[in-house]
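Please work through the exercises below with the sequence and the model open side by side. Each task is followed by a solution that goes step by step.

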Amino acid sequence: MENNFKMIAKCLYEFEDELAKELRELGAMEIHKGVRHVSFVGDLGFMYKANLSLRTAISILKPIFSFKIRNEDDFYNKINAFAWENLIDKNGTFAVESTVNSEIFTHSRYVVFRTKDAIVDRFRDKFETRPNIDTDRPDCQVSVHIDRENCEISLNTSGDPLFKRGYKTATNIAPINEVLAAGLLLKSGWSGQCDFLDPMCGSGTLLVEAAMIACNIPPNINREHFAFQKWEDFDEELFEVIKDSTLKKVRSFNFDIKGYDKAPSAVEKATQNIENANLSDFIKVERQDFFESFKKSERHLHMVFNPPYGVRLDVDIPEFYSKIGNTLKQNYPGTSAWFIVADLEAIKHVGLRPSRKIKLFNAKLESRLLNYQIYEGSKKAAKQ
């Protein structure tokens, strides 16, 4: 077990449970939930697998050292004293990112600058040359996390955030983040055991993530690059073995996944993104106004969507959400409907009582993920 090491998977607020469950199912060891992160232990192959397979992770960090800081000079000196030449080539490139909760440092950008200075100064002193900064695709991406007097330095194994799956080339006005979309689906209990509908599908993110969950397709299989691929210890043969093993676990799907949108441009964008993800065989998108639609099958339907909200799209909130409630009640019996709401007043206008209400953040907007169980026949009447 000497080849195992600690890693930290970062996630969105309130998705720690989903991420921890994913890690357990992948086979991680020593899983511990924190705030917006879950730590775990695995080997090099598991690091590759985590980056390929985790749906709710934003990035996977590999901690390399930690220390306590008393002041700015203390921070600089401890960064400068670390043997960065063992990780970064003197003619290579690096970048720095930071998250800060500290009275010593009040701005994360300043921490980035001081870290860069400390690393560059060490190289200048030792070699009279220095690596360059490359924020696009560096050889080494250093992550600094400061919580009060505690400082942890890690390498970002992912590079670009893991919500950059590689399939989304076309977006609409208010696209949903891929990691958030996957998290909403997992919170809703979606596993691919029934029909699925996103009635306001926009650029198709929820549809693609729903199909990948249903078929057990690794979410980041379409990504062109991970940061670890530029590391000296990158094992390409092992990486290909891990990729092949994850793809062998893909399963068939025997239900319908559909998306509606009333805007032709949205239908076009969603179709393009679905093609990019190689999922056209599993997902059908139609131009359709949800408020004029109805359930087309007797089978149970799982519905998840991200309605337009007043901050970024101009809608009449009371009227719009009242129409959502009426359409669900009248046209969608036998449906479990889930949607995210950023305008908390909007919930009052749906006209149905949610069976679940989960606090989340959509970008920086405090939101709620709502669930409405729409029953059939006499059940429906009795429950209202």
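Predicted model: local features only at pLDDT ≥ 70, side-chain atom pairs only at ≥ 80, totals over all residues.

Residues are numbered from 1 along each chain as its sequence is written, and side-chain values use heavy atoms, with hydrogens and water left out.

**Exercise 1.** Determine the strand order of the open sheet of seven strands, and find which helix packs on β9 and β12.

*Solution.* Begin with the terms: helices (H or I, at least four residues) and strands (E, at least two) are DSSP runs numbered from the N terminus, and two strands pair if DSSP finds at least two bridges between them. The order is β11-β10-β9-β12-β13-β15-β14, and the pairing is mixed. At the edges stand β11 (283-287) and β14 (356-362), each of which pairs on one side only. Next, look at β9 (residues 195-198) and β12 (residues 301-305), which run parallel and are joined by three bridges; L197 has M303 in β12 as its bridge partner. Helix α5 (residues 178-187) packs on this sheet, where it touches β9, β12, β13, β14 and β15, and its direction makes about 170 degrees with that of β14. Contact here means heavy atoms within 4.5 Å, while axes are lines fitted to C-alpha atoms, for helices over the stretch in contact, with angles from 0 to 180 degrees between N-to-C directions. Finally, helix α8 (residues 264-276) lies across β10 and β11, at about 165 degrees to β11.

**Exercise 2.** Identify the buried residues of helix α1 and the elements against which they pack.

*Solution.* Buried means under 20% relative accessible area, exposed over 50%, and partly exposed in between (1.4 Å probe, protein chains only). By this criterion E16, E18, L19, A20, E22 and L23 are buried in α1 (residues 16-26). Their packing partners are β1, β2, β3, α2, β4 and α5. After the helix comes G27, with a positive phi near 105 degrees.

**Exercise 3.** Describe how β8 is paired and covered.

*Solution.* Of the seven residues of β8 (residues 150-156), five are buried. β8 pairs with β4 in the antiparallel sense over seven bridges, with K68 opposite N150. β8 also pairs with β7 (residues 140-147), again antiparallel, over six bridges, and V144 stands opposite I153. Two residues separate β7 from β8 in their hairpin, and R148 in the turn has a positive phi of about 60 degrees.
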